[in-house]
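Open the model in your viewer and keep the selection tool at hand. The stops below say what to pick and what to look for.

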Amino acid sequence: MRQKKRQIAFINLQPRLAISGTLTQRCPTRRNRELAMRRIIYISRSLVDGDPDAIAGIVAGSVAWNTTAGITGMLWSDGANFAQVIEGASDQIELTMERIRRDPSHTDITVLLDRSILSRQFGNWSMRCAGDDEASAHGTSFMIGFAMGERTAASKRLYEIMLSSHAGNVG
């Protein structure tokens, strides 16, 4: 594997190996790019008016797609809006986002986060609709923490969706 070396005078917490003041960074290979994981967090306006059957249908369709694609994540709804996080291989995330953009159950999609990740935060579920149960609390806490750390109108909306959906406004 080819490697690039350069001198550093600081501690870098990125996933690289520091040896005696020399930063060793592996050059990306096709295999590494294929294995790269990605996380997207987005919000959208619901066109199903909080209908529990419609939301259950969205989740069921997502489970079928995501299981095949190796995507994990969680969906929140406050009745008027959706918030969702998806994680997986970058190429599969791109295909999934194309599918999400074509979905007639929502509109006005705003992506708040799109970044490479080293590990999954939502690795236990191909898709889960958040509820008031203990299993959902971890994901909801993660999303609230993310929303509180951002200073945008969209992150404020995400925070409000989290609080409303956690309060049980949608069954």
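## First stop: a tryptophan in a loop

Select Trp125. Leaving aside residues up to four places away in sequence, Trp125 touches Ile71, Thr72, Gly73, Met74 and Ala135; contact here means heavy atoms within 4.5 Å. This is a predicted model, in which local features need pLDDT of at least 70, side-chain atom pairs count only at pLDDT 80 or more, and totals for chains, interfaces and linings use all residues. Residues are numbered from 1 along each chain as its sequence is written, and side-chain values use heavy atoms, with hydrogens and water left out.

Trp125 sits in the loop between S7 and S8. Helices (H or I, at least four residues) and strands (E, at least two) are DSSP runs, numbered from the N terminus. Is Trp125 buried or exposed? Trp125 counts as buried, at 18% relative accessibility. The cut-offs for relative accessible area are under 20% for buried, over 50% for exposed, and partly exposed in between, with a 1.4 Å probe and protein chains only. The C-alpha atoms of Trp125 and Thr67 are 8.9 Å apart in space, though the residues are 58 apart in sequence.

## Zoom out: the whole chain

Show the cartoon. The protein chain has 5 helices and 8 strands. From the N terminus on, the order is β-β-β-α-β-α-β-β-α-β-β-α-α. Of its 171 residues, 39% count as buried. Take the contacts with a separation of 6 or more: 70% of them join residues 24 or more positions apart.

## The sheet

Colour the strands S7, S4, S6, S5 and S8. They form an open sheet of 5 strands in the order S7-S4-S6-S5-S8, with mixed pairing. Two strands pair if DSSP finds at least two bridges between them. S7 and S8 (128-129) stand at the edges with a single partner strand each, so one side of each has no neighbour in the sheet.

Next, select S4, residues 37-46. Here 9 of the 10 residues are buried, so the strand is largely enclosed by the rest of the structure. Look at its two partners:

- S6 pairs with S4 in the antiparallel sense over 9 bridges. Met37 stands opposite Ala89 in S6.
- S7 (residues 106-117) is antiparallel to S4, and 9 bridges join them. Ile40 stands opposite Asp114 in S7.

Move to S5, residues 72-77. S5 and S8 pair in the parallel sense over 2 bridges. Leu75 stands opposite Cys129 in S8.

## A buried glutamine

Select Gln84, in strand S6. Gln84 is buried, with a relative accessible area of 6%. Which side chain makes a polar contact with the side chain of Gln84? The partner is Tyr42, at 2.3 Å. A polar contact is a pair of N or O atoms within 3.5 Å; within protein, one must be able to donate a hydrogen and the other to accept it, and residues adjacent in sequence count only if both atoms are side-chain atoms. Not counting residues up to four places away in sequence, Gln84 touches several others, among them Ile40, Trp76, Ile100 and Met143.

## The second largest pocket

Keep Gln84 and Tyr42 on screen. The second largest pocket has a volume of about 180 Å³. Of its 15 lining residues, the closest to its centre are Tyr42, Ile58, Ser62, Gln84 and Asp103. Helix H2 (52-69), strand S6 (81-89) and helix H3 (90-102) each give two or more residues to the lining. H2 supplies the largest share, 4 residues.

On a 1 Å grid over the protein atoms alone, a pocket is an open set of points where a 1.4 Å probe fits, with protein on both sides within 12 Å along at least five of seven lines; lining residues have an atom within 4 Å of a point. Grid points are joined across faces, edges and corners, and the volume is the space filled by probe spheres set on the points.

## Last picks

Select Ala56, in helix H2. Ala56 is partly exposed, at 44% relative accessible area. Its C-alpha lies 9.8 Å from that of Arg128, 72 residues apart along the chain.

Finish with two backbone angles. Asp49, in the loop between S4 and H2, has a positive phi of about 50° although it is not a glycine. Asp49 counts as exposed, at 69%. Asp108, in strand S7, has a positive phi of about 55° and is not a glycine either. Asp108 counts as partly exposed, at 42%.
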